[in-house]
Amino acid sequence: MYQVQSQMRSKEAEKKRAFLTLEELREVSDDTNTYKSIGIILIKFTTFSTANSLRHVSNFISPLRGMFVLEPKSAMVEEQEKKLKDSDAAITSLQTSKEYLEKQLTEVESNLRELLQQDPGLTRQIMSMNVQ
């Protein structure tokens, strides 16, 4: 149940980001340059050196942060609309799962109460257990 609730919060945040981004995109003109963040890119550098008649190869990986790529506004709008639609679908599905799990939990609690009411000896035995 907690996992479903966590996923729902994540999708709600994703939906809100997409909605706010769409609002901002709709306010700019169609000929405005828009840039999409592509996160961190790792670039591999290979260096060769010779010292004492030995050939040495060194590999370095360097992160380049804050990389952006130029995208047409229409592509950005389309991508955000898709994120909004996908988030809505995921939230609906997760809500259905949450309701099912809540119903199952209620049934299990009810069955457990009924079982304990039918057998008072079992109730006393459970209550006397030492939980560590």
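Biologist: At what angle do helix H2 and helix H3 pack?

Modeller: About 110 degrees, with their axes 5 Å apart. Axes are lines fitted to C-alpha atoms, for helices over the stretch in contact, and angles run from 0 to 180 degrees between N-to-C directions. H2 is therefore roughly perpendicular to H3. Angles of 65 to 115 degrees get that word, under 35 is roughly parallel, over 145 roughly antiparallel, and the rest are oblique. One caution: this is a predicted model, where local features need pLDDT of at least 70, side-chain atom pairs count only at pLDDT 80 or more, and totals for chains, interfaces and linings use all residues. Residues are numbered from 1 along each chain as its sequence is written, and side-chain values use heavy atoms, with hydrogens and water left out.

Biologist: Which residues of H2 and H3 make the contact?

Modeller: From H2, Leu115, Leu116, Gln117 and Gln118. From H3, Pro120, Leu122, Thr123 and Ile126. Contact means heavy atoms within 4.5 Å.

Biologist: How do those residues divide into nonpolar, polar and charged?

Modeller: There are 5 nonpolar, 3 polar and no charged. Ala, Val, Leu, Ile, Met, Phe, Trp, Tyr, Cys and Pro count as nonpolar, Asp, Glu, Lys and Arg as charged, and the others, Gly among them, as polar.

Biologist: Stepping back, how many helices and strands does the chain have?

Modeller: It has 3 helices and 2 strands, in the pattern α-β-β-α-α along the sequence. Both are DSSP runs, numbered from the N terminus: helices are H or I with at least four residues, strands are E with at least two.

Biologist: What share of the residues is buried?

Modeller: Of the 132 residues, 13%. Buried means under 20% relative accessible area, exposed over 50%, and partly exposed in between, with a 1.4 Å probe and protein chains only.

Biologist: Is threonine 34 buried or exposed?

Modeller: Threonine 34 is buried, because its relative accessible area is 7%. It sits in strand E1, residues 34–51.

Biologist: What does threonine 34 touch?

Modeller: Leaving out residues up to four places away in sequence, threonine 34 touches Leu25, Val69, Leu70, Glu71, Pro72, Lys73 and Met76. A polar atom of the threonine 34 side chain also lies 2.4 Å from the backbone oxygen of glutamate 71.

Biologist: New topic. Where is glutamate 24?

Modeller: In helix H1, residues 2–27. Glutamate 24 is exposed, at 52% relative accessible area. Its C-alpha is 9.9 Å from that of valine 77, 53 residues apart along the chain.

Biologist: And lysine 16, buried or exposed?

Modeller: Exposed, at 56%. Lysine 16 and serine 87 are 71 residues apart in sequence, yet 9.3 Å apart, C-alpha to C-alpha.

Definitions and conventions. A polar contact is a pair of N or O atoms within 3.5 Å; within protein, one must be able to donate a hydrogen and the other to accept it, and residues adjacent in sequence count only if both atoms are side-chain atoms.
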